[in-house]
Amino acid sequence: MIESLRLLHDRITGAAPPPELLKEMTRAFEDLAVELGLYAVSEREQITGHRIDLPGRGQALVPVFTVDESDDEHVRGSVRFGRYYLGGNGAAHGGAIPLVFDEMLGRLANAGGRPISRTAYLRVDYRSITPLDRDLRAEAWFDREEGRKRFLRGAIFDGETRCAEAEGLFVALNPGQP
Ligand SMILES: CCCCCCCCCCCCCCCC(=O)SCCNC(=O)CCNC(=O)[C@H](O)C(C)(C)COP(=O)(O)OP(=O)(O)OC[C@H]1O[C@@H](n2cnc3c(N)ncnc32)[C@H](O)[C@@H]1OP(=O)(O)O
C-alpha cells in the first residue's frame with residue numbers, strides 16, 4: 001500500500017489531468033480517507049514507520065534508503081528521489097535531503113543495541129545538485145561517541161559526484177525522556 005502511495009505521490013506531482021478527472025480523483029481520495037478513518041489506531045499500534053523489514057520502514061515521508069551492507073558503525077546503500085521530491089530544475093528539494101540523512105544517521109545511531117537517541121542537530125552541506133530518478137549511493141558512519149553524545153556523518157553521491165554531506169549529533173535519551 002505504501003509503495004502504491006509513493007508511486008501516487010510521484011504521479012500526482014508530475015501530472016496535469018483535465019478538471020473533470022481531477023474532480024473524480026479528488027472524490028476517490030476523499031472516499032479512501034473516510035474509509036481509513038474507520039480504522040484509526042494509536043501511534044503504538046500503527047503499521048507505517050514500524051515495519052523495519054520493509055523499504056523505508058513502510059512509511060511514505062522519507063525517500064527509501066535501501067541498505068546494501070551495514071554493521072554497527074557503518075551503513076552503505078542507495079537512495080532515489082522521485083518526482084514528489086522535486087525542488088526545481090531536476091534537482092531534489094533541499095528539505096528532502098535532510099530527511100534521508102536523519103533516517104540514515106538516526107538508524108545507525110540507534111543500531112547495535114544502543115539506547116535510543118534523538119537528533120540534537122543535523123547539519124547538511126549541499127555540494128552539488130541531487131538529481132531525481134537516479135539511484136544514488138548513500139553512506140553513513142560513526143564519527144565518535146562522547147558519553148550520551150553520538151556524532152555521525154553521511155554523504156550522498158551521484159557516481160563520483162558528492163551531492164550532499166551531513167553531520168549529526170544524536171543524544172541518548174535519559175529514562176523517561178520522550
Ligand atoms: C527516538 C527515535 C526512535 C527510533 C526508533 C527506531 C526507529 C527506526 C529508526 C528511525 C530513524 C529516524 C531517527 C530520527 C530521530 C529524530 O529525528 S528524533 C526527532 C528530532 N529530534 C528531536 O525532536 C529532539 C528534541 N530535543 C530533545 O529531545 C533534547 O534536546 C535532546 C536532544 C534529547 C537533548 O536534551 P537533554 O537530554 O536534556 O540533553 P542535554 O543534557 O541538554 O545535553 C546533553 C549533551 O548534548 C549536548 N547537546 C544537546 N543538544 C545539542 C545541540 N543541539 N547542539 C550541540 N550540543 C548539544 C549538550 O551540550 C550536552 O553536552 P555535554 O555537556 O554532555 O558535553
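The legends below describe close-up views of a predicted model.

**View 1. Overall fold of the protein, with three helices and eight strands.** The order of elements along the sequence is α-α-β-β-β-β-α-β-β-β-β. The C-alpha trace covers about 60 × 40 × 25 Å along its principal axes. Of the 178 residues in the protein, 18% are buried. Taking contacts between residues at least 6 apart in sequence, 62% link residues at least 24 apart.

**View 2. The two assigned domains, domain 1 (1–60) and domain 2 (62–172).** The C-alpha centres of the two domains are 24 Å apart. Where they touch, eight residues of domain 1 contact seven residues of domain 2. The domain 1 side of this contact consists of one nonpolar, five polar and two charged residues.

**View 3. The open sheet of six strands, in the order β1-β2-β6-β7-β8-β5.** Pairing in this sheet is antiparallel. Strands β1 and β5 form the edges, each pairing on one side only. On average, neighbouring strands are turned by 25° against each other, with direction ignored. Strands of a sheet pair through backbone hydrogen bonds, in either a parallel or an antiparallel sense.

**View 4. Pairing of strand β2 (residues 74–79) with strand β6 (residues 136–146).** Six bridges connect these two strands, which pair in the antiparallel sense. Val79 has Leu136 of β6 as its bridge partner. Gly77 is bridged to Ala138, also a residue of β6.

**View 5. The hairpin formed by β6 and β7.** Strand β7 comprises residues 149–158 and runs antiparallel to β6, with nine bridges joining the two. Within this pair, Phe142 is placed opposite Leu152 of β7. Two residues separate the strands of the hairpin, and Gly147 in the turn has a positive phi of about 60°.

**View 6. Helix α3 against the sheet strands.** The helix spans residues 96–109. It lies across β1, β2, β5, β6, β7 and β8. Relative to β5, α3 runs at about 135°.

**View 7. The shell of 18 residues around the ligand.** Gly106, Arg118, Thr119, Ala120 and Val171 come nearest to the ligand. Three elements, α3 (96–109), β5 (117–126) and β8 (161–172), each contribute at least two residues to the shell. By class, the shell holds six nonpolar, six polar and six charged residues. Two of the contributing elements, β5 and β8, are also strands of the open sheet of six strands, and α3 lies across both of them.

**View 8. Ile52 in the loop between α2 and β1.** Ile52 counts as exposed because it has 8 C-beta neighbours inside 10 Å, where the cut-off for an exposed residue is 12 or fewer. Arg76 is 24 residues away from Ile52 along the chain, and their C-alpha atoms are separated by 16 Å.

Notes: Residues are numbered from 1 along each chain as its sequence is written. This is a predicted model: local features need pLDDT of at least 70, side-chain atom pairs count only at pLDDT 80 or more; totals for chains, interfaces and linings use all residues. A residue is near a molecule or strand if its C-beta atom, placed from the backbone, lies within 6 Å of it. Helices (H or I, at least four residues) and strands (E, at least two) are DSSP runs, numbered from the N terminus. Ala, Val, Leu, Ile, Met, Phe, Trp, Tyr, Cys and Pro count as nonpolar, Asp, Glu, Lys and Arg as charged, and the others, Gly among them, as polar. A residue is buried if 20 or more other C-beta atoms lie within 10 Å of its own, exposed if 12 or fewer, and partly exposed in between; C-beta atoms are placed from the backbone. Two residues are in contact if their C-beta atoms, placed from the backbone, lie within 7 Å. Two strands pair if DSSP finds at least two bridges between them. Domain bounds come from an automatic or database domain assignment. Axes are lines fitted to C-alpha atoms, for helices over the stretch in contact, and angles run from 0 to 180 degrees between N-to-C directions.
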